[in-house]
Amino acid sequence: MKTLDIARKDLLRSSRSFSVWVFGLAVPLLTSGIFFFAFGGLGDGGFDLPVTQVVVANLDSPVNGFSAGQLLLNFLKAEDFKEILAVSEVADAVTARRVVDQQQAGLAVILPADLTAALVRPGERAVVELYQDPTLTLGPGIVSGIIGQFVDGLIGSNIAANVVTAQLARYGHPIDAATSQAIAVEYGRWAAALGAHQQQETSALLEIHRPAVEPGSEDVRSRIVSLIMAGMMVFFVFFTGAASAENLLAEEEAGTLARLFTTPTPISAILAGRMVATLVTLILQVVMLVTASALLFHVHWGSPAPAMGVAAGMILLAAGFGLFLTSLLKDRRQGGLVYGGVLTVMGNLGMINIFTAQVAGPARQIFDTLSLLVPQGWAVRGWQLLQAGGGIGDVLVTVLVMVSLAGVFFAAGLLRFRKRFA
Amino acid sequence: MNGQPAIQVRDLHKRFGDLHAVKGISFTVPAGQIFSLLGPNGAGKSTTISILSCLLQPTSGDALVMGHSVQREPMAVKAAIGVVPQEIALYEDLSARENLDFWGKMVGLRGAALRQRVDEVLEIIGLADRQKGRVAKFSGGMKRRLNIGIALLHRPQVIIMDEPTVGIDPQTRRNILDSVKELNRQGMTVLYTTHYMEEAQELSDQIAIMDQGRIIAQGTHQDLVQIVGELDRVDLTLNALPDWVTDRWQQIPGVQKVIVGAPSHPQATDGERTVTLLVDDSNLVLPRLFESATQAGVRITSVTIQEPNLEAVFLHLTGRALRDE
């Protein structure tokens, strides 16, 4: 009975603590909210890049009916670029530059008269001029990249024609300039077609097959925000576990703990009361964070039954680890350093596989292993498995590890505190 | 009460590593008395109190509270005592009533009995009209009263008060002293520690003077004062202090003890020195003191004469003043 009385008192005090509300609930939600909105929350789920106005002065002269300039112009006007580029044509280079100077366009592309000739005739050279509004960076940068990629492909046709001509001559089959030019033109067409395919993420030589995915899981923003929210929850739940155990030190310093020891209340009841309060606080925190994040940010927490298992494991582990960590401390002054430093480092280490979610290969394994060196990493792993669609079988080992670790930490912490207060 | 002493302390020792904080003290507090442990800071009073409150285990010896050993039956001891710690030990983010409710449950009160007793204690400590106020908003005096009130909740047979008047204003101090007397009138045994001689003198049926872990004198106020007999205490402030003063004044007939530098006289200013003498009759001795001072060119700037008291006893027994520590 006294255990519950102590727990009730601690919960009442916690409910009146500003920091409990701020760090237990507001900060993790706020952090996830920042990522949610940063990734276009409440919008259509994609990035909104401004449309860059591009003017093209196509002075290129065709060779044998092939015009690299026209090809590039068509490429820039393609349907797929309409969301980021608005392409218009002007008659000459001077007009194109003037339009940019007057900030009616962000970029002028001036295709020289000898562009095609330079690409199909050996030894010739031409320069595509990009004239850019210096106040803009992103849009012109994207266009520069697109044009660079396109021109690189066409240059390849020139190189290919030269190589073919040289090889045929070496084996006693010299070809004339017209044939060499025809080869370059054909290669140029092929390169242009390849560029168009790449733009559609397909290749004449390569087929990409994606594995079947569940409907809705393609939402990148939702996945990122869900992962971050899970990481934030783990991070702050462990803080709450430690801060809740720290109340023992606070009571020790305030003299109320010594006063409790002068009442006919066993030490075990006092420690148990503290633990009950910690567990209830953590349960409330997790329920509120999961509910609020699901409603506000559409965070996907996985199936209810395994999610409850992971949550229970995480709560026990956070409470046990907090108790153990606090039992190592002499006073609350040390607590500031340990909670601020050790828990932050451990929390970030536990979340390292969230930060490095895009990394693949051997490094992926290293990050996954590193994160499991700290208790927080196991909790993060549990939520990651759930968010990837895992069921009870997938998270069972993780939950068992968490519960086992919690048992070890609880036992060590309680023993240390009992010895300290004996 | 069956004539059983409320507290019996037997050859109690407590060591903290190399520090021998309590060196074999023994005393008995009859039920229904106010017993004071008087001594300077570091005398071992709080350590003794902590052992009696079951917060510390003695290194050797034992103490019985209402017949229960602090070592073998700590829960029975805790049920019999109410402890008022030196520092205010309250939950500042709870109200006065919430504090009393919680501490009442910790001493086994429940339901209607708890509510009734909390109401009574709120009346006793004069906080009935502020019972819903957060303790953090209370004045120091109100916190002190609540600090005492918590110890009264279960009507303990023995109240242990560890220097409850340290650092508080005179009015609150007066209230606390009156409360202690009232509790005693209601039949409670009070063990009271203080380094204020006046408090021990006013409150106590018996006083034990502690110094450096030992009880150096014990008895009623009258018993203790008899140790210094009818000696008067004379505090002098001098504008200078030649080396010869102690030896020469010690030779004056009627001077029993000369202590240089203790305690400071309230009127002393920078550069002045103080000398305290224990004398048989101040009327006979004072002219001789003035005479020798004049001969040596030393000016006596103030004189204070006190009747025999506990301060003089402590001075007599230790050569030091209670409040110099």
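**Exercise 1.** In which sense do β6(B) and strand β7 (residues 158-162) of chain B pair, and over how many bridges?

*Solution.* Start with the rule: two strands pair if DSSP finds at least two bridges between them. Here β6(B) and β7(B) run in the parallel sense, with four bridges. Now pick out one spot: Ile81(B) stands opposite Val158(B) in β7(B).

A quick note before you go on: this is a predicted model, where local features need pLDDT of at least 70, side-chain atom pairs count only at pLDDT 80 or more, and totals for chains, interfaces and linings use all residues. Residues are numbered from 1 along each chain as its sequence is written, while chains are lettered from A and ligands numbered from 1 in the order in which they are written.

**Exercise 2.** What is the strand order of the open sheet of six strands in chain B, and which are its edge strands?

*Solution.* Strands (E, at least two residues) and helices (H or I, at least four) are DSSP runs, numbered from the N terminus. Walk across the sheet and you read β6-β7-β8-β3-β9-β10 (chain B), with mixed pairing. At the edges sit β6 (81-84) and β10 (214-219) of chain B, each pairing on one side only.

**Exercise 3.** How much of chain B counts as buried?

*Solution.* Call a residue buried if 20 or more other C-beta atoms, placed from the backbone, lie within 10 Å of its own. By that test, 43% of the 325 residues of chain B are buried. Chain B has 11 helices and 14 strands.

Technical notes. A residue is buried if 20 or more other C-beta atoms lie within 10 Å of its own, exposed if 12 or fewer, and partly exposed in between; C-beta atoms are placed from the backbone.
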